[in-house]
Amino acid sequence: MRIAVVSILLAVSAAVTGVVVVSFDLFRPHRDTAELLIGTALLWLLFAAALIALRGVRGRAVGVLVLAGSLLIGGAAMAGPPNTSTDSARYAWDGVVQNAGISPYAYVPADERLDELRPTWLYPAPTEVDGALVCTGERIATVQRESGEPLCSALNRTTVPTIYPPAAEIYFAAVRAVAGADAAYWPLQLTGLLLSLGITGMLLVGMRRRGIDQRHAALWAWCPLVATEGITNSHVDLLGVAFTLAAVFWVSSGKRVRGGIMLGVAIGVKLIPVIAAPAMLKRQGWKVVVAAVATFALLYVPYVLSTGIAVLGYLPGYLSEEGYEDGSRFALVSLIAPGGAGIVLVAVLLAGLAAFTIWKTDPERPWLGQLVMIGGTLLILSPRYPWYALLLLPFVALSGRWEWLAIPLALTLRLLVPSLTVTRVSLAVALLVIVVVSVRRAGPGALGRGRAALARIGSRDPDRHRPAEN
């Protein structure tokens with residue numbers, strides 16, 4: 001009966017995922033905000049119900065259900081094109097360009113020298129309306145070029161160079177080399193599904209070997225964020241998550257060089273996985289650092305040789321655009337330290353969080369430290385995009401700390417309702433949930449023990465270890 005209940009909940013979740021993907025998006029003149037909010041809320045409620053029902057399942061059925069749910073919900077997420085982001089269109093274009101023997105950092109997508117490479121699903125021809133050429137269709141933007149003719153593009157930021165690091169670019173090229181230039185969104189959605197299933201399998205195997213309850217793998221496998229942003233919208237973050245998780249398992253097993261190589265590749269996919277590093281540095285961390293830096297540098301070599309400093313792409317412009325240069329992006333921090341003061345405070349908070357993570361992390365079980373480091377960074381930086389929180393989810397699963405799911409849920413709300421007030425409230429609620437549940441986990445007297453520990457630290461005699469003077 002318990003297995004049947006879980007199976008029914010997963011089937012309903014898959015059906016709702018498919019309906020939401022097919023029916024609603026953010027690209028219509030009037031964004032489907034209300035519908036997406038309702039659909040997202042329903043998916044998260046079904047997710048919670050399935051997790052609760054899974055608690056009554058034992059034995060081999062757990063692994064089967066976790067994998068089956070990952071496949072079922074992930075497959076449903078492929079039912080339609082991207083519905084909250086157009087990033088995968090840029091991934092596809094970068095792959096097409098590379099397979100033509102051109103560096104993705106060399107030209108902006110709108111450059112007329114690339115016209116012969118353009119597939120029609122990415123660059124549809126303009127239509128004539130009242131004697132003028134116009135671009136029509138969802139996800140299609142209009143770019144005015146020097147020739148005067150509009151370029152219709154499914155890409156965002158068509159007039160700036162790519163932002164993605166080399167491991168991501170290799171991935172884009174590999175997918176398009178297999179699928180071809182004319183295949184639309186499904187190749188990246190399929191690889192997203194395969195990556196999601198691979199990460200689920202890694203979690204199940206890693207948990208079994210380390211004596212962790214395998215039911216916690218469902219915190220990753222069935223999470224709505226994985227299906228919608230990892231598969232429907234095909235964010236490359238999934239590839240970074242896979243390499244980061246591999247790095248964690250290698251390092252925690254004492255294979256630090258191999259783990260460092262995996263971490264270097266993860267950072268080469270998207271720079272964000274660097275925040276997973278502090279928890280892997282407590283014991284012989286220099287091996288991890290050297291291996292990661294060397295791997296990251298080697299990935300860049302062929303692109304630097306062909307394009308030079310242009311490999312930085314749009315990264316500096318992106319940081320400015322997102323408000324990280326002037327501190328305006330930090331939703332919670334800006335309440336107490338606006339502007340430049342916020343940047344200083346963020347730097348201090350992140351440095352302190354990293355130091356605390358290195359100090360307190362168990363090197364054989366680093367996932368709790370990574371959960372705190374990654375989750376704390378997301379709360380401090382408060383990014384606009386919920387898919388950044390994909391990196392957090394495997395460590396929610398490994399640690400079993402479900403309360404940290406409040407962060408991706410808050411960031412999803414930020415995407416759908418782009419209001420600073422809503423963002424601040426949702427992130428503050430997420431922080432409150434994490435603190436309250438964490439205190440309850442610590443058991444009775446946790447606050448008293450914490451105050452006593454701080455009091456002991458503050459009352460230590462700084463001179464007691466000094467040799468007595470003659």
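Colleague: Which residues line the second largest cavity, and what makes it a cavity?

Modeller: The lining consists of R90, W93, D94, V97, I102, S103, P104, Y107, V108, P109, L114 and T162. The term applies because, on a 1 Å grid over the protein atoms alone, a 1.4 Å probe fits at a set of points but cannot get out, and lining residues have an atom within 4 Å of such a point. The model is predicted, with local features needing pLDDT of at least 70 and side-chain atom pairs pLDDT 80 or more, while totals for chains, interfaces and linings use all residues. Residues are numbered from 1 along each chain as its sequence is written, and side-chain values use heavy atoms, without hydrogens or water.

Colleague: What is the volume of the second largest cavity, and how is its lining classed?

Modeller: Its volume is about 70 Å³, taken as the space filled by probe spheres set on the points, which are joined across faces, edges and corners. The lining has eight nonpolar, two polar and two charged residues. Here Ala, Val, Leu, Ile, Met, Phe, Trp, Tyr, Cys and Pro count as nonpolar, Asp, Glu, Lys and Arg as charged, and the others, Gly among them, as polar.

Colleague: How many cavities of 30 Å³ or more are there, and what surrounds the largest cavity?

Modeller: There are four of 30 Å³ or more, and the largest has a volume of about 160 Å³. Its lining comprises 16 residues, with T40, T84, T228, E229 and T412 nearest its centre. Two or more lining residues come from each of α2 (33–54), α8 (224–232) and α17 (406–416), helices being DSSP runs of H or I with at least four residues, numbered from the N terminus. By class, the lining of the largest cavity has nine nonpolar, six polar and one charged residue.

Colleague: Why are α1 and α2 called roughly antiparallel?

Modeller: Helix α1 (residues 2–23) packs against α2 at about 165°, with the axes 9 Å apart. Axes are lines fitted to C-alpha atoms over the stretch in contact, and angles run from 0 to 180 degrees between N-to-C directions. Angles under 35 degrees count as roughly parallel, over 145 as roughly antiparallel, 65 to 115 as roughly perpendicular and the rest as oblique. The pair α1 and α2 is therefore roughly antiparallel.

Colleague: What is the handedness of the crossing of α1 and α2, and which residues of α1 make the contact?

Modeller: The crossing is left-handed, the near helix being turned anticlockwise from the far one by less than a right angle. In α1 the contact, meaning heavy atoms within 4.5 Å, is made by V5, V6, L9, L10, V12, S13, V16, T17 and V20. The contact of α1 with α2 has 15 nonpolar, three polar and no charged residues.

Colleague: How do you know whether α6 and α9 are roughly parallel or antiparallel?

Modeller: Helix α6 (residues 186–210) and helix α9 (residues 237–252) pack at about 20°, their axes 9 Å apart. They are therefore roughly parallel, and α6 passes α9 in a left-handed crossing.

Colleague: What follows for α9 and α10 from their angle?

Modeller: The axes of α9 and helix α10 (residues 256–269) come within 8 Å and cross at roughly 165°. Accordingly, α9 and α10 are roughly antiparallel, and their crossing is left-handed.

Methods:
On a 1 Å grid over the protein atoms alone, a cavity is a set of points where a 1.4 Å probe fits but cannot get out, and a pocket is an open set with protein on both sides within 12 Å along at least five of seven lines; lining residues have an atom within 4 Å of a point.
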